Amino acid sequence: MTMNKIFNIIVAALAITACNGGRKSCPKPVEDFIMNLYNNYVFDFGELDTISDNFAPAVLDSLRKAYDDEYCEGGPAYAIWLFRTGQNGSDEQSVDSIKVEGKDLYAVYLTDGGTPCTCNMHIVMKGGKPVLMDFSTSYEGQGAVSSRRLLSIGELEGEWRVIAVELEGVTYATVTMTFDTEGKAFGVYAGGNHIGGQMVRNERSADALRFENVGMTQMACSEEIEKLERKIATTLDKVRSFYGVGDDVFMADENDSAVLHLSRPETPAE
């Protein structure tokens with residue numbers, strides 16, 4: 001038996017022990033996916049396309065974009081390094097444990113280049129197969145790696161700028177969206193009428209969100225603003241989930257395609 005195979009067996013045993021020793025046990029398909037991802041793709045050089053069915057389309061898109069942003073060539077390829085620290089302090093690389101953090105939420109504790117690292121994953125079962133919906137990675141001495149991440153509903157509280165609708169390339173400067181997370185209500189203002197309704201969560205998934213009872217006032221305004229308001233109302237009906245990228249928020253439809261991009265208003269310099 002080669003040293004590499006012995007190493008993989010030891011790492012797998014550690015992960016199984018960590019999963020089964022906690023308050024909640026890690027589902028075997030999820031454990032197998034995580035170990036396969038790190039042993040054969042993150043810590044090795046396997047082609048991620050061979051397990052693309054285990055990734056939500058938006059995650060694959062973000063990994064492709066991160067690769068293009070870094071290298072601007074060679075695609076299609078994926079920024080697989082976002083699942084680790086990228087440190088080179090030593091040759092030590094291992095999955096040390098996997099912890100169940102909540103429904104469909106897992107914390108993967110790693111040693112990478114001798115540096116402790118944590119990758120938080122949102123994994124759901126679809127058709128009996130684990131699918132990675134989003135993730136974020138952090139390590140000692142550094143902030144979180146810029147990537148798609150889970151948000152709590154409370155992080156939406158307050159006012160946001162609606163940067164883009166349907167992400168069609170048009171950027172807006174005066175459209176605002178406000179969330180009252182305690183009252184489960186939202187409002188949008190694009191310069192004419194007020195759009196509002198209710199925020200509805202679904203316990204099936206940590207990132208689920210939809211807007212219901214969407215209504216709009218009937219004030220007269222310009223044709224351009226009316227057209228934008230109708231587009232916003234139609235887009236709100238499509239929202240099924242939300243996630244963060246950096247300090248911004250994205251709302252996605254049932255196909256996990258982003259349809260709204262929100263950013264906090266800039267604070268005027270004093």
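## Asn193 and its surroundings

Neighbours within four places in sequence aside, Asn193 is in contact with Val188, Met216, Thr217, Gln218, Met219, Cys221 and Glu229, where contact means heavy atoms within 4.5 Å. The model is predicted: local features need pLDDT of at least 70, side-chain atom pairs count only at pLDDT 80 or more, and totals for chains, interfaces and linings use all residues. Residues are numbered from 1 along each chain as its sequence is written, and side-chain values use heavy atoms, with hydrogens and water left out.

Asn193 sits in the loop between strand 8 and strand 9; helices (H or I, at least four residues) and strands (E, at least two) are DSSP runs, numbered from the N terminus. With a relative accessible area of 4%, Asn193 is buried. Here buried means under 20% relative accessible area, exposed over 50%, and partly exposed in between, using a 1.4 Å probe and protein chains only. A polar atom of the Asn193 side chain lies 3.2 Å from the backbone nitrogen of Gln218, and a polar atom of that side chain lies 2.4 Å from the backbone nitrogen of Met219. A polar contact is a pair of N or O atoms within 3.5 Å; within protein, one must be able to donate a hydrogen and the other to accept it, and residues adjacent in sequence count only if both atoms are side-chain atoms.

## The chain as a whole

The protein chain has four helices and 13 strands. Of its 270 residues, 43% count as buried. Among contacts between residues at least 6 apart in sequence, 48% join residues at least 24 apart. The chain exposes about 14300 Å², of which carbon and sulfur atoms supply 50%; accessible areas come from the Shrake-Rupley method with a 1.4 Å probe, and for residues only the protein chains shown count as cover.

## Nonpolar cores

A nonpolar core is a set of buried Ala, Val, Leu, Ile, Met, Phe, Trp, Tyr and Cys residues joined through side-chain atoms within 4.5 Å. In soluble globular proteins, nonpolar side chains tend to be buried together. The largest core here has 39 residues, and those with the most contacts inside it are Leu37, Tyr38, Leu48, Phe55, Phe83 and Met121. At least two residues of this core come from each of helix 2 (28-42), helix 3 (57-71), strand 1 (93-102), strand 2 (105-112), strand 3 (115-126) and strand 4 (129-139). Helix 2 gives the most, with eight residues.

Phe55 touches Phe33, Leu37, Leu48, Leu60, Phe83, Val131 and Leu132, not counting residues up to four places away in sequence. Apart from this core lies another, of 26 residues, among them Leu228, Leu236, Val259 and Leu260.

## Helix 4

Helix 4 covers residues 223-238, and its 16 residues should span 22 Å at 1.5 Å a residue; the end C-alpha atoms are 23 Å apart, which agrees. The expected span is 1.5 Å times one less than the number of residues.

Leu228, Glu229, Ile232, Ala233, Thr235 and Leu236 are buried in helix 4. Seen down the helix axis, the buried residues fall within an arc of 165°, so they line one face of helix 4; the arc is that of the directions from the helix axis to the C-beta atoms. These buried residues pack against strand 6 (158-165), strand 7, strand 8, strand 9 (194-200), strand 10 and strand 13 (258-263). The face turned away from the buried side carries the exposed residues Glu223 and Lys227.

Val162 lies in strand 6 and is buried, with a relative accessible area of 2%. Leaving aside neighbours within four places in sequence, Val162 is in contact with Tyr172, Val175, Thr176, Met177, Leu260, His261 and Leu262. Val162 and Val249 are 87 residues apart in sequence, and their C-alpha atoms are 9.6 Å apart in space.

Asp104 is located in the loop between strand 1 and strand 2. At 15% relative accessibility, Asp104 counts as buried. The C-alpha atoms of Asp104 and Ser205 are separated by 7.1 Å, while the two residues are 101 residues apart along the chain.

## Positive phi angles

Most residues other than glycine have a negative phi. Lys184, which is not a glycine, has a positive phi of about 55°. Lys184 is found in the loop between strand 7 (176-180) and strand 8 (185-189), and it counts as exposed at 52% relative accessibility.

Asn213 also has a positive phi, near 55°. Asn213 lies in strand 10 (residues 210-216) and is exposed, with a relative accessible area of 66%.
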